[in-house]
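Subject: Structure handover

Hi there,

Here is the structure I promised to send over. Please open it alongside this note, and have a look before you read on.

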Amino acid sequence: MSTTSLLIRKDQLATTRLHTATDEPLADGQVRVRIDSFALTSNNITYAAFGDAMSYWQFYPTGEEAWGSIPVWGFASVVQSLHPGVAVGERLYGYWPMATGAVLSPGRLSPERFTDTAPHRAELPAVYNQYFRCASDPLYTADSEDTQSLLRPLFITSWLIDDFMGDNDFFGAKTMLLSSASSKTAYGTAFQLHRREGIEVIGLTSPGNVAFCESLGCYDRVVAYEALDTIAADTPCVYIDFAGNGALRNAIHGRFTQLKYSSSIGGTHVEQLASRGAGKDLAGPRATLFFAPAQIKKRTTEWGAEEFGRRMVAAWHDFIATATDANKPWLRAERHHGGEAVQAAYAQVLAGKGDPRIGHVLSLYRQPGDA
């Protein structure tokens, strides 16, 4: 058996190559999975952009210093098992490499999930090391795997951002400015914030995406990046930055004299990642990176894991019902099979091109009938 992976040049994210290696035999306690499908979104580009700083490259080491494997969210099936608690054929949702397969070392098993206890992952954030067993996962339905891959990890981040802002009384502001408003994490956040009484949600986006963002119905206003001057400069506000665009961040910080907090979420605009956007020469408050696992830890400590899960599951079902409403869906999944198709989809997402209503679901396996 062999595994094919899509590798990314760490210092040149547009450079990719396919690599196939012979599988090593499993050790006792390990399982091998076939990765059936995974989503690729701007969130994954953020993983690559912050791969060294946030240790994302460490989840699935390639053995080559210059090349990395971007983690992705999706579904896999167990094809070999030397673990008595995990059966061949079991379906899992979790954090995978962009590859045809992976090896896990399951530990801390429960009916709902287990943790990959591989030594190289011991110091990495626990939330990324958990694998959900679909047979007992309250978020899982067999007919919505594509949507789950595309939206589930992003919405959980969105839900946590909203919770973090509410937890901090919105830092004394009533207006939330969200960049990259057409991105899935941004409109998931807007969906949550829009339900907060007295909070105004303003989406910032490129001119070509204004109409799409307005159609979502979760932004009180949508403003093109070039029209920041239509928002009063003395508006007490919070900036939630999904773009990572240095020029935009500096413009926001320079214009809004009552900017109460600046939260950096990701980097959808990789070619314009902030070069001085978090430095001491930035006007106003320091741009602070939002780290979702920290808010998860805080809330599970305060609420307990069961209550945390209950609230998150309820919010997810509410959101997904809106996002996939047959009468006016926000998102449609588009599938891509085979190495070349996956490389092409990656290049498109990296470049930030394409219809925001389309979500890419990928598999490195070629399907019958593929060209």
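First, the ground rules. This is a predicted model, in which local features need pLDDT of at least 70 and side-chain atom pairs count only at pLDDT 80 or more, while totals for chains, interfaces and linings use all residues. Residues are numbered from 1 along each chain as its sequence is written, and side-chain values use heavy atoms, with hydrogens and water left out.

Cysteines: a search of the whole structure gives zero disulfides (a disulfide being a pair of cysteine sulfur atoms within 2.5 Å). For Cys 237, the nearest cysteine sulfur belongs to Cys 213 and is 18 Å away. Cys 237 is buried at 0% relative accessible area, and Cys 134 also counts as buried, at 6%. Here buried means under 20% relative accessible area, exposed over 50%, and partly exposed in between (1.4 Å probe, protein chains only).

Helix 7: this helix covers residues 305-323. Helices (H or I, at least four residues) and strands (E, at least two) are DSSP runs, numbered from the N terminus. Its 19 residues should span 27 Å, and the end C-alpha atoms are 26 Å apart, which agrees; the expected span is 1.5 Å times one less than the number of residues. Among the buried residues of helix 7 are Phe 308, Trp 316 and Phe 319. The buried residues of this helix pack against helix 2 (145-167), helix 3 (184-193) and helix 6 (292-303), with contact taken as heavy atoms within 4.5 Å.

Salt bridges: the structure holds 20 of them, each a side-chain nitrogen of Lys or Arg within 4 Å of a carboxyl oxygen of Asp or Glu. Three examples follow.

- Arg 17 and Glu 64 meet at 2.4 Å, N to O. Arg 17 is in strand 2 and Glu 64 in the loop between helix 1 and strand 4, 47 residues apart.
- Asp 146 pairs with Arg 335 at 2.9 Å between the closest N and O atoms. Asp 146 lies in helix 2 and Arg 335 in strand 17, so the pair ties together parts 189 residues apart in sequence. Asp 146 is buried at 19%, whereas Arg 335 is partly exposed at 40%.
- Glu 302 pairs with Arg 299 at 2.7 Å. Both are in helix 6, about one helical turn apart. Arg 299 is buried at 10%. Salt bridges with shared partners join Asp 163, Asp 167, Lys 298, Arg 299 and Glu 302 into one network.

Best wishes
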